[in-house]
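This report describes a protein model together with an RNA strand. Please keep the sequence and the structure in view while reading.

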Amino acid sequence: MKFQAPRGTHDVLPADAYRWQHVHRVFAELAGQFGYGEVRTPAFEETELFVRTSGETSEVVNKQMYSFLDKGDRNLSLKPEGTAPAVRAYLEHGLGQPGQTTRLWYFTPFFRYERPGKGRYRQAHQFGLELVGSAAPEADAEIIEMTVELYRRVGIEARVNVNSLGRAETRARYREALLNYAEPYLRDQSDEIRARAALNPLRMLDSKDPEVISAMAGAPKVLDFLEEASKGHFDRLLCLLEEAQVPFEVAPNIVRGLDYYTDTVFEITTDLLGSSNDALCGGGRYDNLVSDLGGPPTPSVGVGIGVERLLIVMSELGLESPLAPLDAMAISATEAARPAIRQIAREMRSAGFSVVTDLDGRSLRSQLKRADQLGAVRAVIVGDEELTAGEVSVRLLASGDQVRVSRERLIEVLRGV
RNA sequence: GCGGGUAUAGCUUAGUGGUUAAAGCGCCUCGCUGUGGCCGAGGAGAUCGUGGGUUCAAGUCCCAUUAUCCGCCCCA
């Protein structure tokens with residue numbers, strides 16, 4: 001076998017593709033019910049877009065982007081996340097005015113150059129929601145409620161971890177307090193750990209290392225640093241989540257990997273992806289992102305939902321998506337009946353049924369066998385007898401019940417069964 | 001980017017350095033001349049991930065490489 005899919009990428013084969021279609025349908029319908037419009041943005045963008053939004057020091061921008069110069073010396077990158085391109089499109093095309101609320105959703109591949117593992121790929125996909133232009137806690141609540149509802153509709157009962165990081169100034173003060181607190185512990189640590197802590201002190205909070213966890217146990221809480229407005233926003237959000245009966249927990253230790261978040265951050269985690277990949281989705285408020293990209297001050301909130309991880313959890317929980325339906329296999333029992341069965345298949349398809357026919361002149365026996373394998377609900381059979389009588393046999397594969405009906409009545413009969 | 005495990009038929013796997021690499025599932029044909037699933041018989045399908053090396057002899061031992069899984073980092 002000479003070629004294989006590049007490291008960290010996967011082919012989605014027909015059996016799985018139907019599961020993808022299923023969750024895509026669920027998501028698109030949900031987004032539609034809340035009045036969100038779909039945006040489809042390019043696979044790559046100017047590198048600078050991601051540097052500006054995710055933060056120069058973020059892991060993603062630092063080492064995980066697929067960046068390249070094109071033949072016109074443009075510095076481009078495959079998108080490593082979905083929010084920045086969606087917001088770029090929002091601004092470029094003037095999808096909203098200041099003071100207006102614009103609701104967008106997307107389904108997109110994204111790319112990160114990192115070591116693949118379970119639930120972690122170099123090309124993965126996410127569903128995203130962006131609610132642009134509202135500062136209200138109600139906006140945060142809508143996004144979170146929709147996220148939980150999506151999981152609920154595919155059979156997953158999810159609990160949301162929410163936190164508030166406050167405004168940029170709050171975070172700067174908190175960061176300092178955290179470093180002060182951690183100083184005695186960090187003194188004895190390796191250079192690598194100290195460098196990481198200095199780069200992003202908040203990271204220490206969501207460490208999985210038991211030693212770090214216990215060292216940080218008494219750390220100051222960001223919630224105690226919030227300004228009045230942030231505090232009020234957060235409290236109001238929690239009330240709204242209760243009102244919506246969204247299962248949630250306040251998790252003061254959650255931070256997010258991207259720099260653009262302000263105030264609300266949230267994520268849903270699972271222990272079904274192995275010990276180190278636990279985020280099923282992540283989101284939050286990004287009040288400065290639009291203005292960072294040159295737009296007017298536009299408070300916004302959004303979420304990114306990992307599709308691969310969603311599908312992994314679904315199958316670990318035994319939540320199988322329905323099989324691709326096949327209404328019928330159209331079978332010719334004899335050579336002479338083949339033109340007739342092709343015509344019948346056409347008529348059935350015009351009437352909206354899914355129908356497969358044999359192309360290779362196989363025996364009745366093997367065509368029936370195939371019908372069984374394909375999971376066809378019924379076999380529609382024409383042989384010499386039916387041909388001369390102007391009839392067709394309709395056989396229900398599950399029960400073996402078989403009836404003969406005239407060709408004129410076929411569609412009517414199929415609709416009735 | 002660092003550490004560890006794994007790689008044999010389409011799939012899941014067995015295989016003390018020694019003939020022609022084995023099984024289950026799946027696939028094809030037949031028993032059953034126009035009726036699937038169950039059963040039975042037969043058949044196709046593998047240069048043992050790739051490239052080197054050690055050896056009289058390598059699927060088996062060694063090295064490298066690629067992929068994958070697990071842990072760290074980070075994240076969806």
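## The surface near the RNA

RNA strand B is surrounded by 49 residues, of which R112, R120, R203, R256 and L397 are the closest; a residue counts as near if one of its heavy atoms lies within 4 Å of the strand. Of the atoms of RNA strand B that come within 4 Å of the protein, 50% belong to sugar and phosphate. This is a predicted model, in which local features need pLDDT of at least 70 and side-chain atom pairs count only at pLDDT 80 or more, while totals for chains, interfaces and linings use all residues. Residues are numbered from 1 along each chain as its sequence is written, chains are lettered from A and ligands numbered from 1 in the order in which they are written, and side-chain values use heavy atoms, with hydrogens and water left out.

By class, this surface has 21 charged, 16 polar and 12 nonpolar residues. Here Ala, Val, Leu, Ile, Met, Phe, Trp, Tyr, Cys and Pro count as nonpolar, Asp, Glu, Lys and Arg as charged, and the others, Gly among them, as polar.

## Contacts with the bases

Polar contacts are pairs of N or O atoms within 3.5 Å; within protein, one must be able to donate a hydrogen and the other to accept it, and residues adjacent in sequence count only if both atoms are side-chain atoms. A polar side-chain atom of R365 lies 2.9 Å from a base oxygen of RNA strand B, and one of R115 lies 3.2 Å from a base oxygen. For A398, a backbone N or O atom lies 3.1 Å from a base nitrogen.

The elements that give two or more residues to the surface near RNA strand B are β6 (123–132), β10 (279–285), α13 and α14 (384–389). Such helices (H or I, at least four residues) and strands (E, at least two) are DSSP runs, numbered from the N terminus. The largest share, seven residues, comes from α13.

## The five-stranded sheet

An open sheet with mixed pairing is formed by five strands in the order β13-β12-β14-β15-β16; two strands pair if DSSP finds at least two bridges between them. Strands β13 (355–357) and β16 (402–406) stand at the edges with a single partner strand each, so one side of each has no neighbour in the sheet. From one strand to the next, the twist averages 25°. Axes are lines fitted to C-alpha atoms, for helices over the stretch in contact, and angles run from 0 to 180 degrees between N-to-C directions.

Strand β15 (residues 391–396) runs antiparallel to β16 and is joined to it by five bridges. E391 has S406 as its bridge partner in β16. Helix α13 (residues 364–374) packs on this sheet, touching β12 (326–332), β13, β14 (376–382) and β15, and its direction makes about 175° with that of β12; contact means heavy atoms within 4.5 Å.

## The eight-stranded sheet

Another open sheet, of eight strands with mixed pairing, has the order β1-β5-β6-β11-β10-β9-β7-β8. Its edges are β1 (37–38) and β8 (248–250), each with a single partner strand, so one side of each is left without a neighbour in the sheet.

Four bridges join the antiparallel strands β7 (residues 160–164) and β9 (residues 264–269), and N161 stands opposite E267 in β9. Helix α5 (residues 137–153) lies across β5, β6, β7, β9, β10 and β11 (300–306), at about 15° to β11.
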